[in-house]
Amino acid sequence: MAAAVAPGASKMTGPSAPKRKNDTFNQMDKPTQVRLSNITAAKAVADAIRTSLGPRGMDKMIETGKKEVVISNDGATILKHMSVLHPAARMLVDLSAAQDVEAGDGTTSVVVLAGSLLSAAEKLLKKGIHPTQIAEGFQYAAIEAVKILEEISIPINLEDREFLLKSATTSLSSKVVSQYSSILAPIVVDSVLRIVTPSVDTNVDISDIRIVKKVGGTIDDTELVPGLVLNQNAITSAGGPTRIEKAKIGIIQFQLSPPKPDMDNQIVVNDYRQMDRILKEERNYLLNLVKKIKKAGCTVLLIQKSILRDAVNSLSLHFLSKLKIMAIKEIERDEIEFICKATGCKPIADIDSFAEDKLGYADLVEEVESNGSRIVQISGIKNAGKTASIIMRGANQYVLDEAERSIHDALCVIRCLVKKRALVVGGGAPEIEISQRLSQLAKTQTGFQSICFQAFSEAVEVIPTTLAENSGLSPISIVTELRNRHANGEKTAGINVRKGTISDMLKENVIQPLLVSTSAIELSTETVRMLMKIDDILASR
């Protein structure tokens, strides 16, 4: 196999070839190749989801390894399901997950922005600027960009429901369920306001808001429910009740079935009297359990799902229905905490600790049927915790899953506003403003910083450019007009995707939390800096 020889390189090989001084430091090719390969791989990921940015963005259909289908245009969801092999590209997947945790929205923007910054860095590398200088220059530019965002942001008061509704609507506008945003936005805002105290809280625990998905009906039928809703149905096989007024609710984590030894073993019974004794013993054991439950005054029993043996058997259900106790089984382990918080009851691990002080109280527990599906609704809960339940309905499972992701993003947007109470306008306006201000700053900097600032300011323009492209508008004419408007002092001018023109985003009610934009810039710059500092990829054993 012939090997290519670089011009000017010594053609002598083997031990007789003279060793060049500092040979290690002359091999500058490899780090450059590694960097370029990293940049190419990461840009490929960014380009893959670039088309799903904005209200006119496309959706992706993903087939998972288990042959399940996921349809989504949420950046974090798409990247989570993509099989990415290159380690540098995987960093962008983690970046989108980090944005999902920090802000919850803007997961596509953050990856697109990182891809654009990497393209800018690639150009600077080709100019011969050292990667460390690029990383440093970008860091300073990002700090300035965040300052600019804070300057142009609008402080808000959480009492102002209108602003919260507008933010939730903007978040929902880029999703599949955008036509239902007038129904979903108030549900989202009310559910968050139900669990926070605006004057005191600085964060929202979104796990306190429960979304129950039921196929049947349309998204119009989605509602925020007072009290608590359970996915599971009441057990009526033994004729148990399905409606209990003035209920006392208990959650048990033990099983109402005969005990089983840990090891599998067989008992051979060769006498009918012995058989009767075993059955009688089982009957007494279960009767005792159920009597103790009734004695504590419990009228609604929630039973945790069991793996080792049946949570309930037909005999215990028969006893429960005789004593007019409503039983609901298959309560998942991760639901227990939420149910306890919502109903004020405590989980009971064994029958001996079953006491009245561990029960929760509610005016009504009943199984209701609507749109072809049954749910158990608990209302009028006394000393209830701060929780909210949303019942979601949709034509099929795909629509439901995507609607749940959309509602999650909208909830995160409201959470961002609770964390950092300021808004910026959307539609690419803040990015153009950053770009213009950084361009002016670049002229006052010296050396490599000036070039890095300029490159950063051009890279940020990828957001408005992509928004225009995805909306079928001409990116060049739209972005140049935007620059012109911003240069003339119209700080809130952005791309109106629906009308295909430039308009004032505040009047169009396109607004988003400041935290989404600042965390997108900080996280994407951090990832790009990290990629810039890598000069070799080594495989470990």
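This is a predicted model: local features need pLDDT of at least 70, side-chain atom pairs count only at pLDDT 80 or more; totals for chains, interfaces and linings use all residues.
Figure 1. Setting aside the neighbours within four places in sequence, A429 touches H486, K491, T492, A493 and G494. Let us follow one of these partners, A493. Along the chain, A429 and A493 are separated by 64 residues, yet their C-alpha atoms sit 5.7 Å apart in space. A429 belongs to helix α13, which covers residues 429–444. Is A429 buried or exposed? With a relative accessible area of 0%, A429 is buried, since the cut-off for buried is under 20%.

**Figure 2. The whole protein, for orientation.** The model contains 17 helices and 17 strands. Its radius of gyration is 31 Å, whereas the globule rule gives 24 Å for 541 residues, so the protein is more spread out than a compact globule. Along the principal axes, the C-alpha atoms fill a box of roughly 100 × 70 × 40 Å. Of the 541 residues, 48% count as buried. If you look at contacts between residues at least 6 apart in sequence, 78% of them join residues at least 24 apart. The accessible surface comes to about 27300 Å², and carbon and sulfur atoms account for 52% of that area. As for charge, there are 66 positive and 64 negative side chains, and the centres of these two sets lie 3 Å apart.

**Figure 3. Strand β7 and its pairing partners.** Strand β7 spans residues 243–252. Which strand pairs with β7 in the antiparallel sense over six bridges? That partner is β11, residues 360–370, where V365 is the bridge partner of I244. Strand β8, residues 300–304, pairs with β7 in the parallel sense over four bridges, and here G250 stands opposite L301. Strand β10, residues 347–348, also pairs with β7 in the parallel sense, over two bridges; in this pairing I251 has P347 as its bridge partner. As a reminder, strands of a sheet pair through backbone hydrogen bonds, in either a parallel or an antiparallel manner.

**Figure 4. Two lysines with positive phi.** Most residues other than glycine have a negative phi, and that is the background for this pair of views. K67 has a positive phi of about 65°. Where does K67 lie? K67 is found in the loop between β1 (60–63) and β2 (69–72). With a relative accessible area of 60%, K67 is exposed.

**Figure 5. A three-stranded open sheet.** In what order do the three strands of this open sheet run? The order is β3-β14-β17, and the pairing is antiparallel. Strands β3 (154–155) and β17 (511–513) form the edges, each pairing on one side only. Turn now to the join between β3 and β14. Strand β14 covers residues 422–425 and is linked to β3 by two bridges, with the two strands running antiparallel. To find this join in the structure, look for P155, whose bridge partner in β14 is A422.

Methods:
Residues are numbered from 1 along each chain as its sequence is written. Side-chain values use heavy atoms; hydrogens and water are left out. The radius of gyration is taken over C-alpha atoms; the globule rule is 2.2 Å times the number of residues to the power 0.38. Buried means under 20% relative accessible area, exposed over 50%, partly exposed in between (1.4 Å probe, protein chains only). Contact means heavy atoms within 4.5 Å. Accessible areas come from the Shrake-Rupley method with a 1.4 Å probe; for residues, only the protein chains shown count as cover. Lys and Arg count as positive and Asp and Glu as negative; His and the chain ends are not counted. The place of a charge is taken as NZ of Lys, CZ of Arg, CG of Asp or CD of Glu. Two strands pair if DSSP finds at least two bridges between them.
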